[in-house]
Amino acid sequence: MKRISLLVAPSLLALAACGSEDVENTPVDDIDEIVDADTEYDPMTRDYTLTEDQQARRDALDSDATSAEYAGYRDEVRAEQDTEESMAAERDANRMASNGGSNTTSGSGNGAGADSSGSTDASAGDDTMPTRDANTNMRRRSEMTWSYLDRNDDGQLSVAEYAIWAIPLDPTEPEPNDARPPYVEQEEINKAADSFFYYDRDGDTYLDQREFTSARRGENFDS
Ligand SMILES: [Ca+2]
Ligand SMILES: [Ca+2]
């Protein structure tokens with residue numbers, strides 16, 4: 001017994017020493033716990049190697065239509081405001097989405113007459129209003145929830161919906177007198193599309209929640 005403990009001890013010491021220095025290299029099991037405003041993965045910072053099939057789907061994308069759809073969503077976002085009511089509805093929608101639409105937890109789904117009387121309940125932490133950019137009125141990327149991005153509520157993200165998340169806030173907003181967008185560079189749409197088709201693992205040209213979570217985590221399937 002004594003001999004065994006003598007053998008084990010040095011390795012434990014080595015592990016302890018390692019742990020104190022390599023925290024940042026430690027594999028993360030549940031990255032949701034640490035994804036926040038400062039660490040959320042930026043898909044625009046890397047190149048994506050597409051398979052032949054992915055590239056074929058990528059090539060088939062109508063980028064003009066995608067740009068137009070994206071511009072429409074941008075206008076939509078710019079016009080909207082978060083309220084306690086809208087946030088409650090969004091939380092319900094996200095709960096429904098994450099339970100495959102079969103959730104009956106809430107029951108009501110209609111808080112029209114309730115106003116804010118329940119704002120001090122156990123989920124009060126969720127009531128924090130998302131931060132929106134002063135110029136673009138878009139949320140910070142880390143605060144874009146599934147139902148915020150799924151603009152047409154069909155339970156999947158199109159390239160244009162995904163681009164709301166993927167493309168960074170554009171500091172070069174159009175002047176008020178500019179006729180129409182494009183205020184998004186085609187390069188940005190192209191890059192977002194590359195990553196979109198990279199993460200569309202089942203090849204249906206949409207991202208489901210699982211695929212989008214992979215994108216959000218910046219998962220790399222190449223190695
Ligand atoms: Ca959608
Ligand atoms: Ca898919």
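**Figure 1. Donor spacing around the calcium ion (ligand 2).** Along the sequence of this predicted model, the donor residues of the calcium ion (ligand 2) are spaced D-x1-D-x1-D-x1-Y-x4-E. The atoms doing the work are Asp200 (OD), Asp202 (OD), Asp204 (OD), Tyr206 (O), Glu211 (OE) and Glu211 (OE), and they lie 2.2 to 2.7 Å from the ion. What geometry do the six donor atoms give this site? The site is irregular, with angles of 51 to 154° among them. As for solvent, aspartate 200 is buried at a relative accessible area of 0%, while aspartate 204 counts as partly exposed at 36%.

**Figure 2. Donors of the calcium ion (ligand 1).** Here the spacing along the chain reads D-x1-N-x1-D-x1-Q-x4-E. The protein donors are Asp150 (OD), Asn152 (OD1), Asp154 (OD), Gln156 (O), Glu161 (OE) and Glu161 (OE), lying 2.2 to 2.6 Å from the calcium ion (ligand 1). Ideal angles for six octahedral donors would be 90 or 180 degrees. The six donor atoms around ligand 1 subtend angles of 53 to 154°, so the arrangement is irregular. Aspartate 150 counts as buried, with 4% relative accessibility, and glutamine 156 is partly exposed, with a relative accessible area of 23%.

**Figure 3. The largest nonpolar core.** This core has 31 residues, and the ones touching the most other members are Tyr70, Leu149, Tyr162, Ile164, Tyr199 and Phe212. Which elements give two or more residues to this core? They are helix 3 (63-79), helix 5 (146-149), helix 6 (159-166), helix 7 (186-199) and helix 8 (209-217). Zoom in on tyrosine 162: setting aside neighbours within four places in sequence, tyrosine 162 is in contact with Pro43, Leu157, Ala192, Ser195, Phe196, Tyr199, Leu207, Phe212 and Ala215. Two of those partners, Tyr199 and Phe212, are also on the list of core members that touch the most others.

Figure 4. Glutamate 188 sits in helix 7. Glutamate 188 is buried but makes no salt bridge. Which side chain of opposite charge is nearest to glutamate 188? That's arginine 74, and it is 6.8 Å away. Leaving out neighbours within four places in sequence, glutamate 188 is in contact with Met44, Ile167 and Pro168.

Figure 5. Most residues other than glycine have a negative phi. Asparagine 137 is found in the loop between helix 4 (84-98) and helix 5, whereas aspartate 153 is in the loop between helix 5 and helix 6. Is each one buried or exposed? Asparagine 137 has a relative accessible area of 12%, so it is buried, the cut-off being under 20%. Aspartate 153 reaches 64% relative accessibility and therefore counts as exposed, the cut-off being over 50%.

**Figure 6. Stepping back to the chain.** Of its 223 residues, 30% count as buried. Among contacts with a separation of 6 or more, 72% come from residues 24 or more positions apart.

Terms used
Residues numbered from 1 in each chain as written. Chains lettered and ligands numbered in written order. Predicted model: local features only at pLDDT ≥ 70, side-chain atom pairs only at ≥ 80, totals over all residues. Heavy atoms only, no water. Core = buried A, V, L, I, M, F, W, Y, C linked by side-chain atoms within 4.5 Å. Buried < 20%, exposed > 50% of the residue type's maximum accessible area, 1.4 Å probe, protein only. Helix = DSSP H or I, 4+ residues; strand = E, 2+ residues; numbered from the N terminus. Contact = heavy atoms within 4.5 Å. Lys, Arg positive; Asp, Glu negative; His and termini not counted. Salt bridge = Lys/Arg side-chain N within 4 Å of Asp/Glu carboxyl O. Donors = N, O, S within 2.8 Å, 3.2 Å for Na, K, Ca; no water. Tetrahedral: all angles 85-135°; square planar, octahedral: opposite > 155°, others 65-115°.
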